[in-house]
Amino acid sequence: MSHDFSFYYILIQIFGFIVFGIYATASFQKERKKFFIQESFGAFGMGFQTLLLGSWIGFITNSVHALMMLIARLHPELRITPKVLYSGVIVTMIASLIIWENTVIEYVCLSATLLNFWARTLKNETFLRIAAMAGCGLWILFHVLLGSWAGLFFAVIAVGGHFWHILKVYAPVYARASS
């Protein structure tokens, strides 16, 4: 999507960096409840930024994610239950069908969302990281197509974080095996 670098467009990008920063720094929260609240706030903001850039599906998928985090905050074990996860997938699919315009950006966004939802169900940390990296790859494409600098920046950082974690876990194992 092309943009004219107007003052409005630059403000949307600045807003995007703020809300993506809020979302990304949620992982530094020591308490799970605060983590879920901050991640929810960031996800709602990210959704609003994608809406300002013209993507209803980006708004819907981020808003559903935010609602899932708020619901997880209310769970006694502070987690996303399978019921909440599957409900999130169903709501995402129904909402997507309602606003569907059959564009590449919608396929990419929906695929990234569903891949990330699926990754959250994986118990194996390595498979979760690999699936999350694949999802981030789709988010990179989505943000390039949408014109979201903040989304692109943070998706690239997320891929790097997942890759670094996998290297950190497997590099010592590989070094021991080859010696």
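Predicted model: local features only at pLDDT ≥ 70, side-chain atom pairs only at ≥ 80, totals over all residues.

Biologist: How do you know that the span of helix α1 agrees with its number of residues?

Modeller: Helix α1 covers residues 7–25, which is 19 residues, and at 1.5 Å a residue it should span 27 Å. Its end C-alpha atoms are 27 Å apart, so the two values agree. Among the buried residues of α1 are Tyr9, Ile12 and Phe20.

Biologist: Why does threonine 61 count as buried?

Modeller: Buried means under 20% relative accessible area, and threonine 61 has 2%, so it counts as buried. Threonine 61 belongs to helix α3 and touches Thr92, Cys109, Thr113 and Trp139, leaving aside residues up to four places away in sequence.

Biologist: What makes the pair of phenylalanine 15 and phenylalanine 48 edge-to-face?

Modeller: The structure holds twelve aromatic pairs. In this one the ring centres are 5.9 Å apart and the planes stand at 85 degrees; angles over 60 count as edge-to-face, so the name applies. The pair links helix α1, with phenylalanine 15, to helix α2, with phenylalanine 48, 33 residues apart.

Biologist: Why is the pair of phenylalanine 17 and phenylalanine 154 called tilted?

Modeller: Their planes are at 55 degrees, with the centres 6.4 Å apart. Phenylalanine 17 lies in helix α1 and phenylalanine 154 in helix α7, so the pair ties together parts 137 residues apart in sequence.

Biologist: Which residues do ring pairs link into a cluster?

Modeller: The cluster consists of Phe17, Phe20, Phe153 and Phe154.

How values were computed. Residues numbered from 1 in each chain as written. Heavy atoms only, no water. Helix = DSSP H or I, 4+ residues; strand = E, 2+ residues; numbered from the N terminus. Expected span 1.5 Å × (residues − 1). Buried < 20%, exposed > 50% of the residue type's maximum accessible area, 1.4 Å probe, protein only. Contact = heavy atoms within 4.5 Å. Phe/Tyr/Trp six-rings, centres within 6.5 Å; stacked < 30°, edge-to-face > 60°.
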